Amino acid sequence: MFRCSWCMKKFKNGKPIYGLNVKFVEGKKIIDPEGRIIHIHLESRNTSVPMIVPGEGSEADKQGVDGIFPICSEKCGDKMRDALHKEIGTIQTVNKMTNL
Ligand SMILES: [Zn+2]
């Protein structure tokens, strides 16, 4: 169920999972009290990809993280970052990748 948001491969046990943190443009933020995984449509790729919505009031939410794209490798992270920079209608800023 839980896949890399770029290459769509399932994460393997024991391999690191990265997260690409983004901030949404004003009014586009998805608010979920519990936090959950949703699918978000990317215009530039014409497909929907998984994204984690941090729970309201969670540590990520407090730090201004509106969404976290799960990523399997740094290579996928770089490609995802380029794609997200084109999503100017939805994504305001793409922050650095962290370990999930
Ligand atoms: Zn990947």
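Asp61 is buried in the predicted model, with a relative accessible area of 17% (buried denotes under 20% relative accessible area, exposed over 50%, and partly exposed the range in between, with a 1.4 Å probe and protein chains only). In this predicted model, local features require pLDDT of at least 70 and side-chain atom pairs count only at pLDDT 80 or more, whereas totals for chains, interfaces and linings use all residues. Residues are numbered from 1 along each chain as its sequence is written, and side-chain values use heavy atoms, with hydrogens and water left out.

Asp61 takes part in a salt bridge with Lys29, in which the closest N and O atoms are 2.9 Å apart (a salt bridge being a side-chain nitrogen of Lys or Arg within 4 Å of a carboxyl oxygen of Asp or Glu). This pair links distant parts of the chain: Lys29 is in the loop between strand S1 (18–24) and strand S2 (36–42), Asp61 is in helix H1 (residues 59–62), and the two are 32 residues apart. Helices (H or I, at least four residues) and strands (E, at least two) are DSSP runs, numbered from the N terminus. In contrast to the buried Asp61, Lys29 is partly exposed, at a relative accessible area of 36%.

Lys29 also forms a salt bridge with Asp66, with 3.7 Å between the closest N and O atoms. Here too distant parts of the chain are linked, as Asp66 belongs to the loop between H1 and strand S4 (67–71), 37 residues apart from Lys29 in the loop between S1 and S2. Asp66 is buried, its relative accessibility being 3%. In general, side chains of opposite charge can pair when their charged atoms come close.

The structure holds 3 salt bridges. One of them joins the side chains of Arg36 and Asp32, with an N to O distance of 2.5 Å. Arg36 is partly exposed at a relative accessible area of 43%, while Asp32 is buried at 12% relative accessibility.

A zinc ion has as protein donors the SG atoms of Cys4, Cys7, Cys72 and Cys76, lying 2.3 Å from the ion (donors are N, O and S atoms within 2.8 Å of the metal, or 3.2 Å for Na, K and Ca; water is not among the atoms, so sites may look incomplete). Along the chain, these donors follow the spacing C-x2-C-x64-C-x3-C. Cys4 lies in the segment before S1 and Cys76 in helix H2 (residues 74–85), so this pair ties together parts that are 72 residues apart in sequence. Both Cys4 and Cys76 are buried. The site is tetrahedral, with angles of 105 to 116° among its 4 donor atoms. Four donors count as tetrahedral if all angles lie between 85 and 135 degrees; four count as square planar and six as octahedral if opposite donors are over 155 degrees apart and all others between 65 and 115, and anything else is irregular. The ideal angle for four tetrahedral donors at a metal is 109.5 degrees.

The largest pocket has a volume of about 200 Å³. Pockets and cavities are defined on a 1 Å grid over the protein atoms alone: a cavity is a set of points where a 1.4 Å probe fits but cannot get out, and a pocket is an open set with protein on both sides within 12 Å along at least five of seven lines, lining residues having an atom within 4 Å of a point. Grid points are joined across faces, edges and corners, and a volume is the space filled by probe spheres set on the points. The lining of the largest pocket comprises Cys7, Lys9, Lys10, Phe11, Lys12, Lys15, Pro16, Cys72 and Cys76. Of these lining residues, 5 are nonpolar, none polar and 4 charged (Ala, Val, Leu, Ile, Met, Phe, Trp, Tyr, Cys and Pro count as nonpolar, Asp, Glu, Lys and Arg as charged, and the others, Gly among them, as polar).

Met8, in the segment before S1, has a positive phi of about 65° although it is not a glycine; Met8 is partly exposed at a relative accessible area of 28%. Asn46, in the loop between S2 and strand S3 (47–53), likewise has a positive phi, near 50°, and is exposed at 63% relative accessibility.

Leu20 of strand S1 is buried at 0% relative accessibility, and its C-alpha atom is separated by 6.6 Å from that of Pro70, 50 residues apart along the chain.
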